[in-house]
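I opened this notebook to record what I looked up in the structure. The entries follow in the order in which I made them.

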Amino acid sequence: MSLDTEAVARIAHLARLGVDDSEHESYARNLSDILSFIDQLNAVDTQGIEPMAHPLDASQRLRPDEVTETDQREKFQKVAPSVEAGLYLVPKVIE
Amino acid sequence: MEWEVVIGLEIHAQLATRSKIFSGASTAYGAEPNTQACAVDLGLPGVLPVLNAGVVGMAAKFGLATHSTVAPRSVFARKNYFYPDLPKGYQISQFELPIVHDGYLDIDLEDGSTRRIGITRAHLEEDAGKSLHEDFQGMTGIDLNRAGTPLLEIVSEPDLRSAKQAVAYMKKIHALVRYLDICDGNMQEGSFRCDANVSIRPKGQEEFGTRAEIKNINSFRFVERAINYEIERQIDVIEGGGTVVQETRLYDADKDETRSMRSKEEANDYRYFPDPDLLPVVIEPEFIEAVRKTLPELPDRKCERFTQDYGLSHADAGALTSSRELADFFEQTVKAAGGEGKLSANWVMGELSALLNKAGKDISESPVSPEQLGGMLLRISDGTISGKIAKQVFEAMCNGEGDADSIIEKQGLKQITDSGAIEKIIREVLDANPKQVEQYKGGQEKLLGFFVGQVMKATQGKANPGEVNKILKQMLV
Amino acid sequence: MHQKTIVEMAAGLRAGEFSSEELTRSCLQRIETHDAQLNSVITLTAEAALAAAQAADARLKTGDATPLTGIPYLHKDIFCTEGVRTSCGSRMLDNFEAPYDATVTARLKQAGAVMLGKTNMDEFAMGSSNETSFYGAVKNPWDTERVPGGSSGGSAAAVAARLAPLATGTDTGGSIRQPAALCGITGIKPTYGRVSRYGMIAFASSLDQAGPLATSAQDAAYMLEAMSGFDPRDSTSIDQPVESYAQSLEQDLRGLTIGLPREYFSEGLDAQVGAAVEAAIEEYRKLGAEVKEISLPNTALAVPAYYVVAPAECSSNLSRMDGVRFGYRCEDPKDLEDLYTRSRGEGFGAEVKRRILIGTYALSAGYYDAYYLKAQQVRRLIRDDFVQAFKDVDIIMGPTSPNTAFRLGERADDPVTMYLSDIYTIAVNLAGLPGMSIPAGMVDGLPVGLQLIGDYFAEGRLLNAAHRFQQVTDWHTRMPAGFE
């Protein structure tokens, strides 16, 4: 599988990742190399094999429904780029 | 051409837990912005989700109440997209393996028949935060208090055929989640909202038409209006030679129209995959049986029982069981009224309901308790007061003047049933109106009403009307 | 002082030979003097370290101390440390002072260990050479023209140079074991779920696991014990008691069965590295272990499967780095799209972007089945190979890395070759097994690592086997010239 620069641009947009136009080519090459390396998986017969999402066959543990957290807004917002009146600010969202 | 409407609803019910679905932050409504958004809700680097046990039990309850399968194994997945109210850049939801699937609910149609609506699935997910568009130097403010609030998304089959049916279905789900005590159903606060998938097709065609999804409708009235608007719009488009585009639309209640949400139109590719931070949710049969034991009597069953136990019509029983609070109020009233089901039903759905409607109040805010109301109905049925006087007593009770007995006593409203006393009053009335007596005897029998009125006036309405009629007729012979 | 093991340090502290404050000052001094050559430490927290050392000294007097009380360590900058910059080696988090402690941070604090500072690492732990860090490459103390391995390269280099006796690391595809091998030290990645991931900035959630880097298996045993244990904040944490690893170190190795996967000794392995590993295995024979050849037939599929799974998970994990609530935000974003695209474009380096792009692609509509699902199926095949193997053997051994440390810049432009340097370590993460690397020889003045792979929760056995080896060899006591 190889990727062209257009595909790189499309994926970069999906990932909201700024990639300079000048870099599209080298990413396309790198990514194509990686993908063709990955393509050896296609040679494996995996019919009927259950995908393994977790290393251990465990099930989800449940937390009791209790409020355990207190307000730490001040502390959390100290590391925020832009806040006002307790809100995180972002450029205007247009619905 | 005759068109058939096809509607499926996706209802988001906020589950009534104390803490969030994946964190220990409070879900209480109305807090200062971001004071209930903990490190996990904010998606700070390094944090991890842990599932709230409460939501699993609630989802299981819903599953059992809708004849659905409660999945022995369900999986949380990440739905990836960027939006400022979505802190992690993905929403934790369920995709391939939801916790509840394949159930149904019966709704009552206007013609008295019922229609079975399939429930495709109900899955658990986290809510997003809120964007506030007030002006912060041209910026948008983000409040993440709501982020991580547990939601049950209930997806119906495309089995609904009109806006009215959609509303009936939504109301039924609304009643159900409140019966189950898993959602407060508060639509103003966004605890219960829905998206509607609407399409049309020529009558008789099997294939579905292209659908539009109307997002985030938060009242029963708007659901009906939005869907009806959308149906008209689609018919206009097709009959005008166009084609319906698959898209997301927003209902604008002020303008009463739906419009395309262009900003979200770009093809979304959510890249779902199993969330590696969470493990499969395994539900054992014993757990399901334990949940089953906690189920309350559900609306359909209750409705049936009301028709049998109280001799109510299906429509009346349906109305009284439309909410758990109302049904409970009614039953407590019946109890206090010595088992007078029909009379209780008439008063709860009549006087009381009219009063509440006028004041814009809910049954839980009723100014009279079921015990008070039942106590008064007892006095009607034992003949102490007439139905007419009862209205006066009811009004006094609503004004907080005490219970029925003390009001009757204090205001001397007790009905006069002693025939001797009534006879005496009638005599006085007849004596005072010789001309009318003569006319009556001359054949103008409709004057009977005049005499009854006079007697009632003289007794301030306290005379038993049946007795008055009977005695009057005897005395006018 | 810096040549002591932590067992010796703990004894010295208790005997009053020196205080934790002195020990700490000595480490800070060594960092000051030597780290300019290595670039292994990116944040030094001298003041807090001295305060913690003083508190440890007081605690030692009360008798309520743990084996780590008063012992200095360096912390990989992937772990959140409250009030201290937690950069993950990225410009994206260069300004991020974590508002909370990771569970590992809190556990080490509770044990009384003294954090000296935070170590350099590949950006978001994505790399095998420590060249992708926003703070510049780390150099290998054995040859400063060479890489220390990655992603825990700063931790490995610092311990190898004896700047600190212990350091934390994380291992997603070999990030503890490979740098330990390349720097000639001991490192262990425990079973997935043994150490809490809470507060450890996620790279690939189903593969990430933290562990210690130390100069000996014995030291690593104490550190791992302190780091391990159930954490209710991590759904993937295992609720199973932690063994006392230090207690079982001395167990006899007679009767131990060691499996050598033939696929780990084939094409691609440097001949001299292979010879050093064979020699180490010979030591095990002498210690009474039985050695047999085994097969892990799907070995070659581990790297390609990993380069689907890890990027897929990371592409999603790193979405939270969006310039809204913390971290880097671009100047004057003109709209929301611009805020996201530029903050992420400017905040992430090239390797991170490559992996986000690969992962996004592998999960996108139309490719999910071909890539992600396929890789997860292959993952099971790889796991099953190990399950099968552990029916016959107690420990699997082989090289940690096919080569010794390579030159800085040598593989920077060739991602696939770079990825292949983790060929022997990656399968262990896919399976979730514990794995370890110990120094086992030298080739041209550069260390060679021996990898030990155990069955689930067999960390104790691995540390025991490593410790017995270190009792009869001296590779782990060798120090790079100029850092003795």
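I began with the surface: chain C has an accessible area of about 13,900 Å², and carbon and sulfur atoms hold 47% of that surface. Accessible areas come from the Shrake-Rupley method with a 1.4 Å probe, and for residues only the protein chains shown count as cover.

I noted the conventions next. The model is predicted, so that local features need pLDDT of at least 70 and side-chain atom pairs count only at pLDDT 80 or more, while totals for chains, interfaces and linings use all residues. Residues are numbered from 1 along each chain as its sequence is written, chains are lettered from A and ligands numbered from 1 in the order in which they are written, and side-chain values use heavy atoms, leaving out hydrogens and water.

I then looked up burial. Of the 484 residues in chain C, 70% are buried, a term that stands for under 20% relative accessible area (1.4 Å probe, protein chains only).

For overall extent, I found that the C-alpha atoms of chain C occupy a box of roughly 65 × 50 × 45 Å along the principal axes.

I turned to the partner chain. The contact (heavy atoms within 4.5 Å) draws 38 residues from chain C and 31 residues from chain B. Between them, the two chains bury about 2,800 Å², with 59% on carbon and sulfur atoms. On the chain C side, C:Ser235, C:Arg320 and C:Arg325 lose the most area to chain B, together 23% of what that side buries. Buried area is the accessible area (1.4 Å probe) that two parts lose on being put together, summed over both.

Definitions and conventions. Buried means under 20% relative accessible area, exposed over 50%, partly exposed in between (1.4 Å probe, protein chains only).
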